[in-house]
Amino acid sequence: MTREGIDGFHDRWRLDAGAQYLQEALMSMMFYCGSGSPPAWRVWLGLEHKQLPYELKMLSFSAGDLKTEEFTQLNPRQKVPVLVENGFVLCESVAILEYLDERHPVAGRGRLFPDDARERALVRRFIQETDWYLGMAMGRMLREIFHKAEEEWDRALIADSRGKLAAELAHFERQIRGDYLTGVLSAADFTLYPMIALALRADLKDPALAIRTLVGPKLTAWMGRIEALPYFARTLPPHWKNN
Ligand SMILES: N[C@@H](CCC(=O)N[C@@H](CS)C(=O)NCC(=O)O)C(=O)O
């Protein structure tokens with residue numbers, strides 16, 4: 001390479017590095033979260049896994065933060081999570097996880113959705129199963145337990161929902177393929193973990209529910225692996241920290 005070529009290369013390199021710095025300085029990522037919300041928590045884990053710089057906006061359900069006009073403009077359904085990246089607004093947790101992974105494929109600790117089409121399909125399958133079967137199974141029970149006073153609980157409904165959750169947890173116990181749901185850590189793990197963690201909170205309200213006893217040994221070990229991730233503690237729902 002000639003002297004001119006070398007200098008030109010260095011100048012160009014300096015310019016590229018400068019442009020990248022400028023782009024990073026201008027890049028803004030805002031993450032609207034709600035403490036304890038499983039869909040928000042999965043995105044939070046995804047952001048941490050990808051080591052992306054973001055500003056956390058922790059909204060309060062009880063203070064009505066999701067009902068404000070400002071937030072309604074971001075998500076007319078008034079739900080978290082919402083991601084705003086340089087003016088691009090996106091709601092729906094799975095869409096956000098896919099977007100983050102496609103827009104920042106090489107960031108942080110690797111892919112949330114594997115490159116291989118079949119492996120990726122399995123991740124998507126587990127996500128769908130988590131939302132449509134496990135989520136549906138436990139939803140009615142948790143609505144009773146967390147949104148009503150204990151004297152108003154519909155015990156028959158809770159027992160029915162608990163039974164369905166037990167069947168779903170047994171299904172995932174059989175299906176887990178290794179250290180993580182599909183073998184390697186992925187968006188599927190970040191989707192299922194917060195759901196089970198929330199279900200386990202029901203035991204704090206009524207230990208007789210014994211949700212803990214429904215989680216088999218493989219899933220229990222898997223939960224331990226998620227909790228050992230170096231960024232896990234940062235994502236723990238703030239209002240869970242004291243109990
Ligand atoms: N399908 C949505 C579900 C989002 C959702 O249901 N979020 C709940 C929290 S878990 C919410 O924001 N609810 C509003 C409220 O309770 O006022 C997603 O995956 O992002």
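Let's start where helix H5 touches helix H7: Val123, Phe126, Ile127, Thr130, Leu134, Gly135, Met138, Met141, Leu142 and Ile145 on the H5 side meet Ala187, Ala188, Thr191, Leu192, Met195, Leu198, Ala199, Ala202 and Lys205 on the H7 side. Sort the residues of this contact by class and you get 15 nonpolar, three polar and one charged. Keep in mind that you're looking at a predicted model.

How do the two helices lie relative to each other? H5 covers residues 117–147 and H7 covers residues 187–205, and their axes come within 9 Å, crossing at roughly 15°. Angles under 35 degrees count as roughly parallel, so that's what H5 is to H7. As for the handedness, the crossing of H5 with H7 is left-handed.

E3 takes in residues 82–85 and E4 takes in residues 88–91; they pair in the antiparallel sense, with four bridges. To see one of the pairings, look at Val82, whose bridge partner in E4 is Cys91. Two residues sit between the strands of this hairpin, and there you'll find Asn86 with a positive phi near 45°.

Last stop, the ligand. Which residues surround it? Going along the numbering, they are Gly34, Ser37, Pro38, Pro39, Phe61 and Leu66, then Gln78, Lys79, Val80 and Pro81, and finally Glu92 and Ser93. Split by class, this shell has six nonpolar residues, four polar ones and two charged ones.

Conventions. Residues are numbered from 1 along each chain as its sequence is written. This is a predicted model: local features need pLDDT of at least 70, side-chain atom pairs count only at pLDDT 80 or more; totals for chains, interfaces and linings use all residues. A residue is near a molecule or strand if its C-beta atom, placed from the backbone, lies within 6 Å of it. Ala, Val, Leu, Ile, Met, Phe, Trp, Tyr, Cys and Pro count as nonpolar, Asp, Glu, Lys and Arg as charged, and the others, Gly among them, as polar. Axes are lines fitted to C-alpha atoms, for helices over the stretch in contact, and angles run from 0 to 180 degrees between N-to-C directions. Angles under 35 degrees count as roughly parallel, over 145 as roughly antiparallel, 65 to 115 as roughly perpendicular and the rest as oblique. A crossing is left-handed if the near helix is turned anticlockwise from the far one by less than a right angle, and right-handed if clockwise. Two residues are in contact if their C-beta atoms, placed from the backbone, lie within 7 Å. Two strands pair if DSSP finds at least two bridges between them.
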